[in-house]
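Student: Hi! I have a new structure open and I'd like a friendly walk through it. Can we start with a sheet?

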Amino acid sequence: MEQVVAYADKTIVKIEGVEVKGLKPEELEKKIYSIFKRPVRVVGVTSESLEMDIYDLPPERIIKDQQGIIKVLSLVPGLTATEISKISKLEKAKAVDINDIIPGSKYACAAERRI
Amino acid sequence: MDKIMIIPTGDEICEGILIDTNSPKIMGRLIENYPAAFITRKNPVRDKKNLIISAINQSVEENYQLILTIGGSGGGGKSTDSLADDYSHESILKLASDYETISIYGYNGHLWSKIVVASIDKSLIITLPGPQIEALAALDAALYSINKSLTKKEVCKHIVDAVISKYPQKEEDCETRSSCSRK
């Protein structure tokens, strides 16, 4: 079992109150990229919420552009922003010491990739 | 490579919430590399370990030489309600005794992606991450490595390097913890 720790400074963003059906995730990633010019990965999607990782960008910058993000959502096919659309989770991933990562094949972390 | 199976996974794909745009792109790259191959895209499999195992088993029994699973390669929602569980890697590790695997963690300690390259009978099975940019990078690395007849361990390392290369990185922040393999 080999384990690699990759540098990835990211902010986790969850948006609720949207309607999702027939979304092509890379189209959303491109739209969000057009705002921030930073890599974006859609990591979790339900019919009414989105979770994304935005790399190399502090949460403060995302808060500042919150309305811009919500507006952009409606421009993405398969995605509809509603009156209750809001950012419900916004947190910067905290660094841990490599030695704190539990070794072993059974270990899987809490909150990474869904897709 | 004569017979190749693509297995997309994920409840959100099955329900049409997300469109599986990965499979056609992966299919295209496979056709470029193996123009004479018989390439199949299986109907998407839900995030259930038994269903993924069944899909892989069936593909092995049908003598697919290369089986690619898409998605379900991270830590998922094992302790976070907002994310679904990821089972592709676990399913393959449960089935195969001959494999190589490398886990990529974010610097926050979260499992980012677990790449598995395994053999069962005459089938080579590889996990591809769900985000498209990673999936295609992983696929290109896998095809390059396979065409060079590299070992499973080398294939796995090439895939991991390709996936990591798609993110902003600082050299000093990349560390390798330990390594071993199992046959």
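Tutor: Happy to! Keep in mind that this is a predicted model. In chain A there is an open sheet of four strands, with antiparallel pairing and the order 3-4-2-5.

Student: Which strands sit at the edges of it?

Tutor: Strand 3 (40-45) and strand 5 (79-92) of chain A are the edge strands, and each of them pairs on one side only. From one strand to the next, the twist averages 25°.

Student: How many bridges link strand 2 and strand 4 of chain A?

Tutor: Seven bridges, in the antiparallel sense, between strand 2 (residues 10-20) and strand 4 (residues 49-55) of chain A. To find your place in that pairing, look for A:Thr11, which stands opposite A:Ile54 in strand 4 of chain A.

Student: What about helices? Which strands does helix 1 of chain A lie across?

Tutor: Helix 1 (residues 25-36) of chain A lies across strand 3, strand 4 and strand 5 of chain A, and runs at about 135° to strand 3 of chain A. Helix 3 (residues 66-73) of chain A lies across strand 2 and strand 5 of chain A, at about 135° to strand 5 of chain A.

Student: Switching topic: which residues have the most contacts inside the largest nonpolar core?

Tutor: B:Leu68, B:Ala138 and B:Ile159 do, in a core of 45 residues. Helix 5 (residues 132-147) of chain B gives the largest share of this core, with seven residues. Apart from this core lies another, of 23 residues, and A:Ile15, A:Leu23, A:Leu28 and A:Leu73 are among them.

Student: What does B:Ile159 touch?

Tutor: Leaving out residues up to four places away in sequence, B:Ile159 touches B:Ile115, B:Ala138, B:Ala141 and B:Ala142.

Student: Is strand 3 of chain B mostly covered or mostly uncovered?

Tutor: Mostly covered: five of the five residues in strand 3 (residues 66-70) of chain B are buried.

Student: What does strand 3 of chain B pair with?

Tutor: Strand 1 (residues 3-8) of chain B runs parallel to strand 3 of chain B, and five bridges join them. One of the pairs to look for there is B:Ile4 with its bridge partner B:Leu66. Strand 3 of chain B also pairs with strand 6 (residues 123-128) of chain B, in the parallel sense and over five bridges. There, B:Leu68 stands opposite B:Ile126.

Student: Where does strand 5 of chain B come in?

Tutor: Strand 5 of chain B pairs with strand 4 (residues 98-106) of chain B in the antiparallel sense over eight bridges, and with strand 6 of chain B, also antiparallel, over four bridges. Strand 5 (residues 111-120) of chain B is mostly covered, with eight of its 10 residues buried.

Student: Which residues have a positive phi in those hairpins?

Tutor: Between strand 4 and strand 5 of chain B there are four residues, and B:Gly109 in the turn has a positive phi of about 90°. Between strand 5 and strand 6 of chain B there are two residues, and B:Asp121 takes a positive phi near 50°.

Student: Last one: at what angle do helix 3 and helix 4 of chain B pack?

Tutor: At about 55°, with the axes of helix 3 (residues 49-61) and helix 4 (residues 88-95) of chain B 9 Å apart. The two helices are therefore oblique to each other, and their crossing is right-handed. Among the residues that meet are B:Ile52, B:Ile53 and B:Ile56 in helix 3 of chain B, and B:Ile92 and B:Leu95 in helix 4 of chain B.

Methods: Residues are numbered from 1 along each chain as its sequence is written. Chains are lettered from A and ligands numbered from 1 in the order in which they are written. This is a predicted model: local features need pLDDT of at least 70, side-chain atom pairs count only at pLDDT 80 or more; totals for chains, interfaces and linings use all residues. Two strands pair if DSSP finds at least two bridges between them. Axes are lines fitted to C-alpha atoms, for helices over the stretch in contact, and angles run from 0 to 180 degrees between N-to-C directions. Two residues are in contact if their C-beta atoms, placed from the backbone, lie within 7 Å. A nonpolar core is a set of buried Ala, Val, Leu, Ile, Met, Phe, Trp, Tyr and Cys residues joined through C-beta atoms within 7 Å. A residue is buried if 20 or more other C-beta atoms lie within 10 Å of its own, exposed if 12 or fewer, and partly exposed in between; C-beta atoms are placed from the backbone. Angles under 35 degrees count as roughly parallel, over 145 as roughly antiparallel, 65 to 115 as roughly perpendicular and the rest as oblique. A crossing is left-handed if the near helix is turned anticlockwise from the far one by less than a right angle, and right-handed if clockwise.
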